[in-house]
Amino acid sequence: RVLYYNLLTQGKLTEHLAEVQHRALSMEETLVFQMREKQGITEQLKETDFLSWVRKMNNLRHSTQEIVLAEVVYA
């Protein structure tokens with residue numbers, strides 16, 4: 001709460017939130033790329049078994065979003 005009120009009164013809240021959003025999106029993008037390679041989720045899988053690819057990508061996105069929330073947003 002103290003950080004929130006300090007940023008709000010100094011007029012830097014929007015700038016801080018934009019920075020957090022930028023870090024979160026960047027981290028999520030990097031994690032998705034790394035985890036896709038590690039788990040073998042390829043474009044070939046997308047072409048051959050689209051539903052399996054969608055399930056795996058949804059699971060991967062959810063996992064990366066949980067990591068980003070814990071590491072960037074809630075930290």
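Two aromatic rings, from Phe, Tyr or Trp (its six-membered ring), are said to pair if their centres lie within 6.5 Å, and the pair counts as stacked when the planes are under 30 degrees apart and as edge-to-face when they are over 60 degrees apart. With that in mind, we can turn to this structure, which is a predicted model and which holds two aromatic pairs.

One of these pairs joins Tyr 4 and Tyr 5, whose ring centres are 5.2 Å apart and whose planes meet at 70 degrees, so the pair is edge-to-face. Tyr 4 has a relative accessible area of 41%, which makes this residue partly exposed, and Tyr 5, with a relative accessible area of 47%, is partly exposed as well.

The other pair is formed by Phe 50 and Trp 53, and here the arrangement is stacked, with 5.9 Å from centre to centre and 25 degrees between the planes. Both residues belong to helix H4, where they lie three residues apart, or about one turn of the helix. Phe 50 is partly exposed at 45% relative accessibility, whereas Trp 53 has a relative accessible area of 13% and is therefore buried, since buried means under 20%.

What does Arg 61 contact, once its neighbours within four places in sequence are left aside? The residues in contact with Arg 61 are then Glu 28 and Val 32. Arg 61 and Met 35 are 26 residues apart along the chain, and their C-alpha atoms are separated by 9.5 Å. The relative accessible area of Arg 61 is 37%, so this residue counts as partly exposed.

The last stop is the largest pocket, which holds about 160 Å³ of space. Its lining is made up of Leu 3, His 16, Leu 17, Val 20, Arg 23, Glu 71, Val 72, Val 73 and Ala 75. Which helices each supply at least two residues of this lining? They are helix H2, which runs through residues 13-39, and helix H4, which runs through residues 50-73, and H2 gives the most, with four residues.

Note on methods:
Residues numbered from 1 in each chain as written. Predicted model: local features only at pLDDT ≥ 70, side-chain atom pairs only at ≥ 80, totals over all residues. Heavy atoms only, no water. 1 Å grid on protein atoms, 1.4 Å probe; cavity = no way out; pocket = protein on both sides within 12 Å on 5 of 7 lines; lining within 4 Å. Points joined across faces, edges and corners; volume = space filled by probe spheres on them. Buried < 20%, exposed > 50% of the residue type's maximum accessible area, 1.4 Å probe, protein only. Contact = heavy atoms within 4.5 Å.
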